[in-house]
Structures are given as structure tokens and as C-alpha cells.
Amino acid sequence: MDEMLLSNAEIVLADQTMTGGIKITDGKITDIEEGPSSGIDLEGDYLIPGLIDLHTDNLERHYQPRAGVYWDPVNAVIAHDAQVIGSGITTVFDSLTIGVSRGSDQRMAMMGPLCEALAVADSANMVKADHRLHLRCEVNYPHIVQAVDDYLEHPLLSMMSLMDHAPGDRQVPDIEVWRRFHLKLFDMNEAALDRYQEELIQHSKTLSPHHRRKLGEIALAKKLPLASHDDATSAHVEEAADLAAVITEFPTTKTAATRARELDLKVLMGAPNLIRGQSHGGNVAAGDLAMSGLLDILSSDYIPSSMLPAAFRLTEPPFEMNLNDAIRTVTLEPAKAAGLDDRGEIAIGKHADLVRVKLVEGRPLIGAVWQRGVRVA
Amino acid sequence: MSGRLALSNARIVTADAVEEGGLIISDGVIQEIVPKGRVIDAALDVGGDFVLPGLVELHTDNLERQFQPRPAVRWPPDAAMLAHDQQMASAGITTVFDAVAVGFHEGKEERNEFLQRSIDVLEQANEAGSLKADHYLHLRCEVSSPHVVDMFEPLRDRGGVRLISFMDHTPGQRQWRDLDKYRNFHRSGGRRSEADLDALVEKRLEEQKLYADKHRRALLERLEGMDVTLASHDDTTVGHIEEAVAEGITIAEFPTTGEAAAAAHRHGMTIVMGAPNVILGGSHSGNVSALDLAGSGHLDALSSDYVPVSLLHAVFRLVDRVGLTLPDAAAKVTKSPAAMGGFSDRGEIAPGKRADLLRVRKVGDTPAVMSVWREGERIA
């Protein structure tokens, strides 16, 4: 039996904080005790559950560290893992894009090698965090259902999300903004862009509703938590609820977030959005949703180190959440939404996925990270 | 750093051998290498993993990348500094020279902003004691830039500046010997017309004529009396090396040809190449391969350049592909860059050296960092 004691910590439980220690046996929390105890002295630092990140694009960035430079996919997974675990994230849903829209054909090409590398790195114990595969499905892609089918047996598949990046809707409601972005980014003239725009809008009209239903059925049959991406209207959220989605990811308006709350979908927003005080795409600010009590979950989106500071930011003005509620947005809430009932809080019987946090000049610094009771950072 | 740390059951990579045994550390300093067979009290059993010296990185642009994680996104500088530091520590890098660009051409204005921010946040984070790795500044001075001397002036007396390199990214020479590659790179996905590119090349050439020599001399004058190491960048010809040597420069960073590398060694300079170049089996801009230089003995140190984890991976690649011994390959990212950066207290596992250490397990061909200690204190 492998036993470890941590003492003299400010232990952040799901609904209260207490000074004391915990006992870990074989990777699980087996005791929580208030007051003085023996063991590794955490010197009054916070002890919080390991963070659970439901949506990060960070792995793709390591696979292509510079435009045109592809890294060995297994090494990319290891580099990504080091960054994630050092950011206090002990369970990470690596989101990979499946289905082509302009500019994401490169991302689609990353799918195969990265999925394989994730499985290899995980089975050989090369990674420290618990990695899961989150399939981001572009529903206006004509062959999306078939494409998803290739990954349904992936050992780490744990979540699906549905997105539609057709212009004039959702993430980019203003077609002119979409056009400017595409003209700038791709070698396309106006006429080619016209054709492309028309094709996407057409596919979105004719194919997306059917694809959403099919993929929703697949998620349900496979018992995979389903998220809807960039919901902008009440109707978007209602459609997601009909598919038994449990999360609305990055809703772009307060209207959508409000409807999600009514329909019992969890609202997930990006931690970078909260830190920066605005969305990089000009949509609703995570902070505004937090002020209205409509923010349930924060994900790192594209900056792993953003999650912990974002949770602490929620305890400061103007939000002034209590620490337990704030930490839940990056631990227990994502765990519950993803159907992981063995982690996400410091409680007896849960995995000993833990982070020691010291506040230096109000900034949370990570002192140590344990995964299943083993120190990994 | 106080306290004692002991490791046992390790394969310790010293400067000239891989020794089985353990290590005793106290007050942040290596006290003793204990041979296999002798029991060490209260030691952490590392299960036969390798223990290497903490890596020393002479040139990384990773900090600047954290300031701008996406093209339209600026990240708070203090948060960027911590994110960068965490990435260094988890890649096994315990001493790092953060390269920041001094001098810019138009379209690079953000680099001036990054420069000021880098220096400020580094100072602040050091004062707050919030950094895991030991950070220093590497000022990369673009000599053909109109602004380089003005920008350098206020930095002369800032703390933490330890390495200064001269670079010149004018098209048609050094890194951009191949003018077509330069034009392709700056075509920016079709945003620049051919006429714009012509004008850009013209302007760069003009600026080089006006400024490059003048600024090199002006910077050298201002460097008199400073306790810093000098490096030249992207040397391509024997002439480049001779010029560098005459100026008191001791490091050739990323020479682009075997000829320049050989000349650098003849003149007693040391040579740094990018670890991504080792991993990818060639330079991303089509210049000399670092593996070839390692094979001909013209490689002293590696830098992670734009991929932090590449430094450690490159060590094992040099063993597998070039046939170096593990201690010799490890020296390229530890002992040798430490010496080139002017440190005698670190870079090897030996009694009296700083206990900057790295526990590494090889899984298949891939080295995984298990733990990192700086002065005996665990940082990753």
C-alpha cells in the first residue's frame, strides 16, 4: 500500500475551505482532517483539486510549432503534456478538429497522426496528465459522419462537440468580417471567395441539420458527453438540448447562455476570454456571463496557463465569487459535465489529483502537482 | 536553498561517463556522487532513470511568443513570463537566456513593446521570487535597423544582461542568402504584391548600407567594459567569421554553412545550432544541417530556438544518429553552453556544482522529463 500525507494546507473543498491535512492511499484520497497533522508541510498554501480542461487546442500548436514545420507527433504530445501538467491540469480533453472548412484542412490532416500519437503516448505512460480525446466535428462538412466513424473506437475518445463555421451565423455573424478574414489569410480572390461563401452557407442549410442529428445519435449511443459550439440564439441552444447535449461551448451571446441555463446545459467559456476581459472574436465576454451568474465552466481554450489565474480572477472584483465556487469552474463542474464522478473535488474516495497553489502578490503560483498521488510537477 | 536531497538507483550522466549510483545534495549544491552498492540514507529511488545536469539554454524566443499567443491576442506580460518560465522548467531547462530583439524594421513595432515588457516583467518576477528557472537576458541586436543603437542605450546598465548577439537579416546574405526564400517568407500568404516585395528588398538593402557597419561599431563602443559574452548570428562566409573574431565575438550562433562553422572553430569560436534543426534533420530555412556539423565535430552547443522540449530530445538524437556518447551529447546542452554563457558553477554533475538536475526516462526513442530540480529544489 502506497501512503502519503499532506499537512498544513488551506484545503479547498467543494463548498468550504479548511486548514488541515489529507491522507492519500494508492492514489486516492482516504482521509481529510482539520487542524494540525503530520506529513509533507504545505506551509499554509492552498491545496485544490487538479484542473479539468474540457477544451484545448494546445496539442495542435505543438504539432506545428511554426508555419510549415511539423513536429514528431508523439514528441508533440509529450511537449503538450509537460505544458498542461505544469499548468495544474491533471485531466485534459485534447480537442482535435474533424471535418474540413477552409483553413482547417491543415487541422484535419493533423487528426490521424495526433490521435495515434495520443494513444501511443498514453499506453506507454509517456504522459503525466490523464488525456482524453475531444472530437470537434464541423457539421457542414459533407463527409463528417463517415469521418467521425473512423475515430469512434479510439481508446481515449471521451467527448464530442458540434460546430458550424459557415459565415453569417454563430461565431462570425457578420459576413463582411468573415470575408475580410479569409481574404487576408488565404490566397483567394473575390470571385473564389464568393463561391466558397455560397457553398458553406448552402452546406450549412442542407447538410448541417441532418449531420447534427446523426452525430447526436452517435454521441448518445456511445454515451459521450456532447457539446454545442458557438451557440448564438435560443434556437441554437434548443436544438442542442434536443440532441441531449450537456454543454454549450463558447456561446456568443447572453441570450444563448440564458437559454442554456433554463434548459440545464452547462455554459463553458474560455479562460483567456475572462483574463483579457473580452473574446478574441468580439463576442460576449466571459466576465459578463460570470456577472450574470451564467458561467459554469472555464476551459484553457488555447492557453494552458490561463485556467488557474482565471479561476482566481473570479474571486476578485467585480466578480467576488467565493473561492470554492470559483475553483469549481475548473474542477468539479467540468468533471460533472463530462461524466467523471471519480475526480474534480477533494473528497474521500476521489482520485488524489491535486495542485498546491501559493498566492504571490495576488497571483496564483503552482508549487506542486500530484496525479493519482504521485508528484508530477 | 537549504535542506538535503538524496537520489539513489540512478544512471548519472557526468561530464565523461554514465555512472550507476546515487547523489547527495545539500544546500542546493552537489556534495557527492555515491557509487552503486553503497546504501544512502533517506534517498529517493529513481528506478534506474537517467539523471542529467539541468539544461542551459542560450537562445530562446519563447518568451516573445507568450506575449502574443495568437496573431490578434496580447497576453498580460506578467502572466506571459510565468507561462514561459513553466515551459522552460518542464522542458528541463534550469538556466535560460531569454532572447529579446533590439532594433526592428517596420511591421516589427510590437518587438519594441515586447522588449520593454520582457525586461520589466523579468525584473519583477525575479524580485517576487516567482520564477522556477534561472533567467538572464540575451539581447539580439539587429544591426541594420535604424533604431538599434537608441534602443540598446537604456538597456546597457539593466541587470540580467549577459549575452549580446549581432544579427543582420538583410535579404541576399546570411540566413536569407536565397532571395527567393526571403521573398516567399515575406509574401505573407499573398498579402504582399511582387512590387511591394521589390520595394521591401530594396529598402532593406538601403538600410544595410546606411546602418549595418555604423551600428556594429557604435554598439561595440557601448559594450566596452561590460561583462557580457558576444555572439554573431547566421555567419555564412569565412569573412563573417573573421569580422566577428576581430570584434571580440566568441560564439557563432546558427552558422548557415559548413565553411563558416569550420572557420569559426579554426579561430577559436564556439558554435551553437538549433535543436529543432537536429530533430527535423535540417534547417527550416534550408541552411546547413546541425547533424552534419555534429558529425564533423563542428557543434559545441544546442539551443531550443522555438521548441523548448527539443533541447532534451536532441541529446538522444545525437547519440542515435551521430554516434556521440551520452555524456558528449548531453554536454552540448549543459556543460558547454554553461561555459559559453560564462558560468563555472553549473552544467555538470560533480561535487561543488549547483544541484540543477533532471530525471529522465527513455520510453522507446523518446526521453520523458520525470522531475526537475533547481539548486536541489523540485521545480517540475
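**Close-up 1. Strand 6 and strand 7 of chain B in the predicted model.** In this predicted model, strand 6 of chain B and strand 7 of chain B, the latter covering residues 93–102, pair in the parallel sense over 4 bridges. Within this pairing, L55(B) has I93(B) in strand 7 of chain B as its bridge partner. In general, the strands of a sheet pair through backbone hydrogen bonds, and they may do so either parallel or antiparallel.

**Close-up 2. The open sheet of chain B.** The sheet of chain B is open and is built from 8 strands in the order 6-7-8-9-10-11-12-13, with parallel pairing. At its edges stand strand 6 (55–60) and strand 13 (301–303) of chain B, each with a single partner strand, so one side of each is left without a neighbour in the sheet. Direction ignored, neighbouring strands of this sheet are turned by 25° against each other on average. Helix 6 of chain B, which covers residues 194–223, lies across strand 8 (134–142), strand 9 (161–167) and strand 10 (229–233) of chain B, and this helix runs at about 165° to strand 9 of chain B.

**Close-up 3. The open sheet of chain A.** In chain A, too, there is an open sheet of 8 strands, with parallel pairing and the order 6-7-8-9-10-11-12-13. Its edge strands are strand 6 (51–56) and strand 13 (297–299) of chain A, each of which pairs on one side only.

**Close-up 4. Strands and helices packed together in chain A.** Strand 8 (residues 130–138) and strand 9 (residues 157–163) of chain A run parallel and are joined by 6 bridges, and L135(A) stands opposite M160(A) in strand 9 of chain A. Helix 7 of chain A, covering residues 208–221, packs on the sheet and touches strand 8, strand 9 and strand 10 (226–229) of chain A, while its direction makes about 165° with that of strand 9 of chain A. Helix 2 of chain A lies across strand 6, strand 7 (89–98) and strand 8 of chain A, and this helix runs at about 135° to strand 7 of chain A.

**Close-up 5. The interface of chain A and chain B.** Here 38 residues of chain A are in contact with 39 residues of chain B, and the two chains bury about 3200 Å² between them, with 59% of this area on carbon and sulfur atoms. R66(A), W71(A) and R363(A) supply 20% of the area that chain A buries against chain B, which is more than any other three residues supply. Across the interface of chain A and chain B there are 9 residue pairs in polar contact, both residues being at pLDDT 80 or more. On the side of chain A that touches chain B, helix 2 (73–86), helix 10 (271–276) and strand 15 (363–371) of chain A each supply at least two residues, and the largest share, 7 residues, comes from helix 2 of chain A. By class, this side of chain A has 20 nonpolar, 7 polar and 11 charged residues.

**Close-up 6. Salt bridges between the chains.** The structure holds 50 salt bridges over all chains, and the count between chain A and chain B is 2. In one salt bridge the side chains of D78(B) and R363(A) meet at 2.5 Å, N to O. The side chains of D57(A) and R70(B) also meet in a salt bridge, at 3.6 Å, N to O. This pair crosses between chains, from D57(A) in the loop between strand 6 and helix 1 (58–63) of chain A to R70(B) in the loop between helix 1 (62–67) and helix 2 (77–90) of chain B.

**Close-up 7. Backbone details in two loops of chain A.** Most residues other than glycine have a negative phi, and most peptide bonds are trans. The peptide bond from P317(A) to P318(A), however, is cis, with omega near 0°, and P318(A) is found in the loop between helix 12 (307–313) and helix 13 (323–328) of chain A. R170(A) has a positive phi of about 50° although this residue is not a glycine, and R170(A) is found in the loop between strand 9 and helix 5 (175–185) of chain A.

Methods:
Residues numbered from 1 in each chain as written. Chains lettered and ligands numbered in written order. Predicted model: local features only at pLDDT ≥ 70, side-chain atom pairs only at ≥ 80, totals over all residues. Heavy atoms only, no water. Contact = heavy atoms within 4.5 Å. Buried area = accessible area lost by both parts, 1.4 Å probe. Salt bridge = Lys/Arg side-chain N within 4 Å of Asp/Glu carboxyl O. Polar contact = N/O pair within 3.5 Å; in protein donor to acceptor, adjacent residues only side chain to side chain. Nonpolar A, V, L, I, M, F, W, Y, C, P; charged D, E, K, R; others polar. Pairing = 2+ DSSP bridges. Axes fitted to C-alpha atoms, helices over the stretch in contact; angles between N-to-C directions.
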